[in-house]
Amino acid sequence: MKNRMSTHPHHSNPPVLPPANQFTIFVIDDLPQNRMILGKFLKSAGYAVVEATNGVEALDMLREGAVRPDLIVTDVEMPVMDGITMVEQVRYLESPVAIVPIITASGNADEDMQRDALAVGSDVFLTKPFDLRELSREIGKQLKRARRNPARDTSAGSQAGGNRFDQGVQVNS
């Protein structure tokens, strides 16, 4: 029987870049089941997906250039660094990623949380569990806006409230 295992460790392989016509979405959530469900949904829609488990990990990846997302979807309530603080710090990066559209989400959202998220630079605030059609619309709208106007338009922020998953899939907060 022929040995089909590579002699090179997997971590020595360079990261695979998505095709030029594929958008990359950076998903930041501390709950593995949320990342898995959202990742599957986004991949089935044709997006490349990169994940982080909290704001510090996400910022490190962005600063190091380990990820160059076209859009970020982040939870608010996470350990180590919450999503609102992370969004604020992303907007201060001296990098093209500072103008990437950001969708912030929480299952425990109140008006103050929504206002705070939008005030620090989130483009959209959604409630979880996500309404998948609304999430798809917002992703499409934000990607189109970013392509039409690469300079950040801070007045473009919108607020959207989610209903429930249309397909019976639920993302917990």
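Visitor: At what angle do helix H1 (residues 32-44) and helix H5 (residues 132-148) pack, and how far apart are their axes?

Guide: In this predicted model, H1 and H5 pack at an angle of about 60°, and their axes lie 12 Å apart. Axes are lines fitted to C-alpha atoms over the stretch in contact, with angles from 0 to 180 degrees between N-to-C directions; helices (H or I, at least four residues) and strands (E, at least two) are DSSP runs numbered from the N terminus. H1 and H5 are therefore oblique to each other (under 35 degrees is roughly parallel, over 145 roughly antiparallel, 65 to 115 roughly perpendicular, the rest oblique).

Visitor: Which residues meet where H1 packs on H5?

Guide: From H1 come Leu38, Phe41 and Leu42, which meet Leu132, Leu135, Ser136 and Ile139 of H5, contact being heavy atoms within 4.5 Å. Sorted by class, the contact of H1 with H5 has 6 nonpolar residues, 1 polar and no charged ones.

Visitor: How are H2 and H3 oriented to each other?

Guide: Helices H2 and H3 pack at an angle of about 20°, their axes 9 Å apart, and are therefore roughly parallel to each other. Here Gly55, Ala58, Leu59, Leu62 and Arg63 of H2 meet Met86, Gln89 and Val90 of H3, and by class this contact of H2 with H3 has 5 nonpolar, 2 polar and 1 charged residues.

Visitor: How many residues has the largest nonpolar core, and which have the most contacts inside it?

Guide: In soluble globular proteins, nonpolar side chains tend to be buried together. In this chain the largest nonpolar core has 25 residues, and those with the most contacts inside it are Phe26, Ile28, Leu62, Ile72 and Met86; buried means under 20% relative accessible area, exposed over 50%, partly exposed in between (1.4 Å probe, protein chains only). Strand E1 (24-28), helix H2 (55-64), helix H3 (83-91) and helix H4 (111-120) are the elements giving two or more residues to this core. A second, separate core has 18 residues, including Ile25, Leu42, Leu71 and Phe130.

Visitor: What does Ile28 contact beyond its neighbours within four places in sequence?

Guide: Its partners, with those neighbours left aside, include Ala52, Ala58, Ile72, Val73, Met78 and Met86, and also Asn54, Thr74 and Asp75.

Visitor: How many helices and strands does the chain have?

Guide: The chain has 5 helices and 6 strands, and from the N terminus on they run β-α-β-α-β-α-β-α-β-α-β. Of its 173 residues, 45% count as buried.

Visitor: Which conventions apply to the numbers?

Guide: Residues are numbered from 1 along each chain as its sequence is written, and side-chain values use heavy atoms, with hydrogens and water left out. Local features need pLDDT of at least 70 and side-chain atom pairs count only at pLDDT 80 or more, whereas totals for chains, interfaces and linings use all residues.

Definitions and conventions. Ala, Val, Leu, Ile, Met, Phe, Trp, Tyr, Cys and Pro count as nonpolar, Asp, Glu, Lys and Arg as charged, and the others, Gly among them, as polar. A nonpolar core is a set of buried Ala, Val, Leu, Ile, Met, Phe, Trp, Tyr and Cys residues joined through side-chain atoms within 4.5 Å.
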